[in-house]
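Welcome! Have a look at it first, and then we will go through it topic by topic.

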Amino acid sequence: MVTATATSTVTVPAAPIKEAKGILDSAGIQFSNLDIHFRKGEDVIDPVTGVLKVADKEYSSAKYPEWLPTWDPSQKFAQYSDDFNKAYRDPGLDADPELRSLFPPQSKDKYSIKKLSPKLGSEIRGIQLSELSTQAKNDLALFVAQRGVVVFRNQDLKDKGLEFNKKLGEHFGPLHVHPSSGAPENYPQFHITYRRHDPEEYNKSKNDGGIERREPSTVVHPLVRVHPVLKKKALYVSRFFMQDIEGLKKEESNAILDLLTDHINNSFDLQIRASYEPGTVVVWDNRRVLHTATFDWDTGATRHCYRITPMGERPVEDEEELEECNK
């Protein structure tokens, strides 16, 4: 068994918010990561709770103010235990192989399914995720596993509120709490991207750290994992998080990880680019695909998105071990 050591979270610890008013970079940014920037002189710290919020003008101009990010330094979560989510069962295992609840044959003139590439990705129009039955959600889990990435257009989830979205995500597994990202107040399960209408936002795409809800930990996992629904194997490699391969010299480990990373990055027949427009929801299977942001805009525009991440099974290298974990 070839295993890799990875950090489960990568964060840059910062001082508590109440003590950090003077900790700024040259751009005047106070607490930022790749998705959010909080600014001195504009954004505010609640004097009672210590919660950092964007400026009042952002709330008054935002189309969805309840989805704006906050940072609460009092939020702390324990590290996940070794047996966390041990009894997890992927909803895709309970799906109809024909996906008839997700794509009813009698209504096929009301929706469309388009492949974004032969091997990866599909675009769906005419199906509302907010209206799915329990069985249709199970079918969705199977369909996403099969296609890797699915882009749904004209969705109304953003209008359904935080609690509705939280419960929808929980159908697929317990929700991950990002260790350092901004989140709507009292809803740490949401990862928020918020870019203001400012051309300078393009130049501030870096990670300066934020609060730390959970301390980083070191975990060991296989380089190749078996999918619990598809029963197929896939590389489980992300160079950003991985440190080394156990049992190898650093030079050997780096050579193999770099080779696998180059294979992933340069296999253009295994890549798609999802374009966003209002109402777009992208669902992907983190067990068999990687995602990355491309900073290629050069004009100021407000960008406001959210992400929910259900957690699945512990990664294992073969079906026998998978069955053992599920006992």
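## A first look at the strands

In strand β9, V151 is the bridge partner of E123. Please keep in mind that this is a predicted model.

**Strand β9 and its neighbours**

- Strand β9 covers residues 149-152 and is joined to β8 by 3 bridges, with the two strands running parallel.
- Which way do the side chains of β9 point? V149 and V151 point one way, V150 and F152 point the other way, and all of them are buried.

- One of the facing pairs is S112 with R125, the latter in β8.
- The two strands form a hairpin with 6 residues between them.
- In the turn of this hairpin sits G121, which has a positive phi of about 90 degrees.

- As background, most residues other than glycine have a negative phi.
- L99 is not a glycine, yet its phi is positive, at about 60 degrees.
- You will find L99 in the loop between β6 (70-71) and β7.
- Is L99 buried or exposed? L99 has a relative accessible area of 9%, so it is buried.
- K231 is another residue other than glycine with a positive phi, near 60 degrees.
- Its place is the loop between β12 (224-226) and β13 (233-235).
- With a relative accessible area of 36%, K231 is partly exposed.

**Salt bridges**

- How many salt bridges does the structure hold? There are 17.
- One of them brings together the side chains of E58 and R196, at 3.8 Å from N to O.
- This pair links distant parts of the chain: E58 belongs to helix α1 (residues 56-61), R196 to the loop between β10 (190-195) and β11 (218-222), and 138 residues separate them.
- Buried means under 20% relative accessible area. E58 counts as buried because its relative accessibility is 10%, and R196 counts as buried because its value is 4%.
- E58 and R196 are also part of a network of salt bridges, in which they are linked with E42, D43 and K57.
- The side chains of R89 and D94 meet in a salt bridge too, at 2.9 Å from N to O.
- D94 counts as partly exposed, at 37% relative accessibility.
- D285 and R287 form a salt bridge through their side chains, with an N to O distance of 2.9 Å.
- Both partners lie under the cut-off for buried residues: D285 has a relative accessible area of 5%, and R287 has one of 16%.

**The chain as a whole**

- The protein chain contains 5 helices and 16 strands.
- It has 327 residues, and 44% of them count as buried.
- Where do the contacts reach along the sequence? Among contacts between residues at least 6 apart in sequence, 72% join residues at least 24 apart.
- The accessible surface of the protein chain comes to about 17900 Å², and 51% of that belongs to carbon and sulfur atoms.

Note on methods
Residues numbered from 1 in each chain as written. Predicted model: local features only at pLDDT ≥ 70, side-chain atom pairs only at ≥ 80, totals over all residues. Heavy atoms only, no water. Pairing = 2+ DSSP bridges. Helix = DSSP H or I, 4+ residues; strand = E, 2+ residues; numbered from the N terminus. Buried < 20%, exposed > 50% of the residue type's maximum accessible area, 1.4 Å probe, protein only. Contact = heavy atoms within 4.5 Å. Areas by Shrake-Rupley, 256 points an atom, 1.4 Å probe, with all protein chains shown as cover. Salt bridge = Lys/Arg side-chain N within 4 Å of Asp/Glu carboxyl O.
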